[in-house]
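Colleague: I would like to learn how to read some features of a model, one at a time. Please give me the general idea and then the case at hand.

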Amino acid sequence: MALFDRLKDQAKNLQQQAQGRGTAAGGQGHGGSRGGSRAQLVGVLKTQLGSLKTELKSGAYRDASMAMCALVAAADGQVDASEMQQMESLILGNEVLQNFPPEQLRQRFHKHVDQLTRNFPQGKAEALQEIAKAAKKPTEARAVIQTGIVIAGADGHFSQAEQAILREACATLGLQPTEFQL
């Protein structure tokens, strides 16, 4: 846990530095630097996840992460074929998720996306149940949220719907959304 706390402090420091530069450079304050700092946060979270790779090998983390990725993909209520392909590429290219066979990841991701596109409220409830299984291990619970943020921020756009889904997942896992700047 000490490693996670150190990495979290580094992320906060980088965030504060980015906000400070945004204020000094553009005079816009917190709101003006949000996009750049969000991208920086995504980068820091990727690094944090990479450093935890050896700890994140359980089936609960795998399943919860795929449910999280599906929720992020379907956050706006629909998932088209190109978005599915892009999400799959992000998942299979994720350093930590490479702990798992690609076919296992695809199967679980597609199962949740199918459920979400057929009946969003029911699919969302089932995905959140899957995510809740990671709550037993705080490192895995945080990693599920971090994975969701990394996937959501990979396209450079972090929508309100994606943020709302991530906040719900935080609540499901007993985590504070503010810990992840949500």
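Colleague: Where is glutamine 181 found?

Modeller: Glutamine 181 sits in the segment after α9 (160-173). Helices here are DSSP runs of H or I with at least four residues, strands are runs of E with at least two, and both are numbered from the N terminus. This is a predicted model, in which local features need pLDDT of at least 70, side-chain atom pairs count only at pLDDT 80 or more, and totals for chains, interfaces and linings use all residues. Residues are numbered from 1 along each chain as its sequence is written, and side-chain values use heavy atoms, with hydrogens and water left out.

Colleague: What is the phi of glutamine 181 near?

Modeller: As background, most residues other than glycine have a negative phi. Glutamine 181 has a positive phi, near 60°.

Colleague: How many helices and strands does the protein have?

Modeller: The protein has 9 helices and 0 strands. Along the sequence the pattern reads α-α-α-α-α-α-α-α-α.

Colleague: What percentage of the residues of the protein count as buried?

Modeller: Buried means under 20% relative accessible area, exposed means over 50%, and partly exposed is in between, with a 1.4 Å probe and protein chains only. Of the 182 residues of the protein, 48% count as buried. Helix α4 (59-73) is mostly covered, with 13 of its 15 residues buried.

Colleague: What span does α4 reach from its first C-alpha to its last?

Modeller: The expected span of a helix is 1.5 Å times one less than its number of residues. For α4, with 15 residues, the span is 21 Å, close to the 21 Å expected.

Colleague: How many aromatic pairs does the count come to?

Modeller: A pair of aromatic rings is described by the distance of the centres and the angle of the planes. Rings of Phe, Tyr and Trp (its six-membered ring) pair if their centres lie within 6.5 Å; planes under 30 degrees apart are stacked, over 60 edge-to-face, and the rest tilted. By this rule the count comes to 1 aromatic pair. The pair is formed by tyrosine 61 and phenylalanine 100, and it is tilted, with 6.3 Å centre to centre and 35° between the planes. It links distant parts of the chain, 39 residues apart: tyrosine 61 is in helix α4 and phenylalanine 100 in the loop between α5 and α6 (102-118). Both tyrosine 61 and phenylalanine 100 are buried.

Colleague: How many disulfides does a search of the whole structure find?

Modeller: A disulfide is a pair of cysteine sulfur atoms within 2.5 Å. The search finds 0 disulfides. Cysteine 69 lies in helix α4 and counts as buried because its relative accessibility is 0%. Cysteine 170 also counts as buried, at 0% relative accessibility.

Colleague: Which residues lie nearest the centre of the largest pocket?

Modeller: Rolling a probe the size of a water molecule over the atoms shows where empty space is left. On a 1 Å grid over the protein atoms alone, a pocket is an open set of points where a 1.4 Å probe fits, with protein on both sides within 12 Å along at least five of seven lines; lining residues have an atom within 4 Å of a point. The largest pocket is lined by 14 residues, and Val72, Glu83, Ala152, Asp155 and Glu162 lie nearest its centre. The largest share of the lining, 4 residues, comes from α5. Glutamate 162 is in helix α9 and counts as buried because its relative accessibility is 10%.
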